[in-house]
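Have a look at it first, and then read on.

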Amino acid sequence: MKLETMPSDFQKALPLLNKIKEAGFEAYFVGGSVRDVLLGRDIHDVDIATSSYPEETKRIFERTVDIGIEHGTVLVLENGGEYEITTFRTEDVYVDYRRPQSVSFVRSLEEDLKRRDFTVNAFALDENGKVIDLFNGLTDLDNKLLRAVGQPEERFNEDALRIMRGLRFAATLNFDIERATFQAMTTHAPLLEKISIERSFIEFDKLLMAPHWRKGIEALQATKAYQYLPDLADTFEKWQSLLDKMSEDFVFTSSEQAWATLILALAIREPKHFLKKWKTSVNFQKDVERIVQVFNYRLNNELTKEQVYAYGKKVIVLAEELRQAQGLPVDFAKIESLDQELVIHDKHEIVVNGGMLIKELGLKPGPDMGRLLTAVEKAIVIGDLANEKKAIFDFIEQL
Ligand code: ATP
Ligand code: MG
């Protein structure tokens, strides 16, 4: 098969392929970008694979950065772009069912394509637009099927992260998982316990943010892979309630919102603790917890200005979108108007601060002054007090 027209991102990178070829080596576009072009999807990063070894690649180009020499990857800065150029390689020794202990550089494209995870991720595209398809990936693309390259049992046994990647691609591409591949994912799911949690998180997060996340969740449940992910062991029936609750076409607008939904649907009692097990950042934990709190608050309460002030419009809107996805009554206009009515959005916007109270009113620093300032903040937020120096000083004197 040959591409009629090379998409512009590839056009721009063509001079690099040609340069490598002129130096006497092979070079191809590979990986997700080739798949995405064939699917008519937007591409993000253009990856190049070559028969030249890293030191040879570095001699071909003027500006290079060593970003992963041990894996064979050199970053080339050329034509105003950045391109990862990776030497053909095999990954032969797997230890602990994760990342190979060592990679060997090879001169054969076929060897390189063989180590790739799924047939639709194992295309190579040459400088003339010819697609090299050694594993019938084109047929799988047509049938929207995710199929492991080679023996699926072996491939998931080598690297269990591929199970998470498979679930993720089902969700991003809206593909079904081919039978034997699905079977092998199920069999080897226990190996997910050996995979670094950070890497599992990245894949799971991409799954949740995908347009067809429901498909990913269905496969996660069906393969029982969830059993081997942090704190998700006993959640079997709950995944169904997650799918039943959320409207068919809903797509998450942020990771925080997606994880908040998971926590709500799976009835996870301590969101922070759960997210800590997933090794997420403290900020992420806080933001997710706030969405959960607002969602729960809203189940029995109307929104107030204080809520909008305390949580911020963004969090309130994210929680409201979840209500909408579940068919609960929503009022986005009210959130907007409450936010606009707010005189301040942050306590630093108050025209009086602790220093002024000490200097001008002779107050002593300490917990009492903190309480005074909190009272001032609250009065300003609910509209009882103007954010003006004199009014605030009068208010404090009365107290
Ligand atoms: P995305 O569009 O999300 O970037 P991608 O297919 O490009 O998807 P990457 O993680 O960027 O995925 O990896 C680039 C390519 O490297 C893949 O298409 C695949 O061929 C190969 N690859 C990546 N991770 C693995 C793995 N764990 N096992 C085998 N091959 C892999
Ligand atoms: Mg990629």
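Helices (H or I, at least four residues) and strands (E, at least two) are DSSP runs, numbered from the N terminus. With that in hand, α2 (32–38) and α7 (161–173) each supply at least two residues of the shell around ligand 1. This is a predicted model, where local features need pLDDT of at least 70, side-chain atom pairs count only at pLDDT 80 or more, and totals for chains, interfaces and linings use all residues. Residues are numbered from 1 along each chain as its sequence is written, chains are lettered from A and ligands numbered from 1 in the order in which they are written, and side-chain values use heavy atoms, leaving out hydrogens and water.

**Around the ligand**

Which helix gives the most to the shell around ligand 1? That's α7, with four residues. In total, 15 residues surround the ligand, each with a heavy atom within 4 Å of it. The closest are Arg35, Asn121, Arg162, Arg165 and Arg168. By class, the shell has ten charged residues, four polar ones and one nonpolar; here Asp, Glu, Lys and Arg count as charged, Ala, Val, Leu, Ile, Met, Phe, Trp, Tyr, Cys and Pro as nonpolar, and the others, Gly among them, as polar.

| Residue | Part of residue | Ligand 1 atom | Distance |
|---|---|---|---|
| Histidine 44 | side chain | oxygen | 3.0 Å |
| Aspartate 117 | backbone | nitrogen | 3.2 Å |
| Arginine 165 | side chain | oxygen | 2.9 Å |

Taken alone, ligand 1 exposes 590 Å², and the protein buries 80% of that (Shrake-Rupley method, 1.4 Å probe).

**The sheet**

Now for the strands, where two of them pair if DSSP finds at least two bridges between them. Seven strands make an open sheet with mixed pairing, in the order β3-β4-β5-β2-β1-β8-β9. Its edge strands, β3 and β9 (131–132), each pair on one side only.

β3 (residues 64–68) runs antiparallel to β4 (residues 73–78), with four bridges.

Methods. A polar contact is a pair of N or O atoms within 3.5 Å; within protein, one must be able to donate a hydrogen and the other to accept it, and residues adjacent in sequence count only if both atoms are side-chain atoms.
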